[in-house]
Amino acid sequence: YSWAQATVYGWQKDFQDYIEQIAKTHNVPGFAIQVVNAKGPVFQITVGKRNIDQDLPVTAHTLFAIGS
C-alpha cells in the first residue's frame, strides 16, 4: 500500500475495496487518493495503471492531468 500508512485500519481496507469496485464498474484505469491533515499525509491509496499500453502502475508520484 502507501508510504503514508503507518497502520492499516479496518476502515481503510473497506474504503479501498469500495473505491476499487467503483473504478472497476466505471472502467477507470487508475487513480490515487490521499487524505492529509495539518501534520501531513494520513492515508493514501494508489490503484490501477497510469499507462495501460506499457503496463505502468499508478504510484505515489504519478502526476494526473485535471480539468473542469
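Visitor: Which residue does Lys13 form a salt bridge with?
Guide: Lys13 pairs with Asp17, and their closest N and O atoms are 2.8 Å apart. A salt bridge here is a side-chain nitrogen of Lys or Arg within 4 Å of a carboxyl oxygen of Asp or Glu. Keep in mind that this is a predicted model, where local features need pLDDT of at least 70, side-chain atom pairs count only at pLDDT 80 or more, and totals for chains, interfaces and linings use all residues. Residues are numbered from 1 along each chain as its sequence is written, and side-chain values use heavy atoms, with hydrogens and water left out.

Visitor: Where do Lys13 and Asp17 lie?
Guide: Both are in helix α1 (residues 10-25), four residues apart, or about one turn of the helix. Helices are DSSP runs of H or I with at least four residues, strands are runs of E with at least two, and numbering starts from the N terminus.

Visitor: And how many salt bridges are there by this rule?
Guide: Two. Lys49 forms one with Asp55, with the closest N and O atoms 2.9 Å apart.

Visitor: Changing topic: is Thr62 buried or exposed?
Guide: Thr62 counts as buried because its relative accessibility is 15%; buried means under 20% relative accessible area, exposed over 50%, and partly exposed in between (1.4 Å probe, protein chains only).

Visitor: What is Thr62 in contact with, leaving aside neighbours within four places in sequence?
Guide: Arg50 and Pro57, where contact means heavy atoms within 4.5 Å. Thr62 itself sits in the segment after β3 (56-57).
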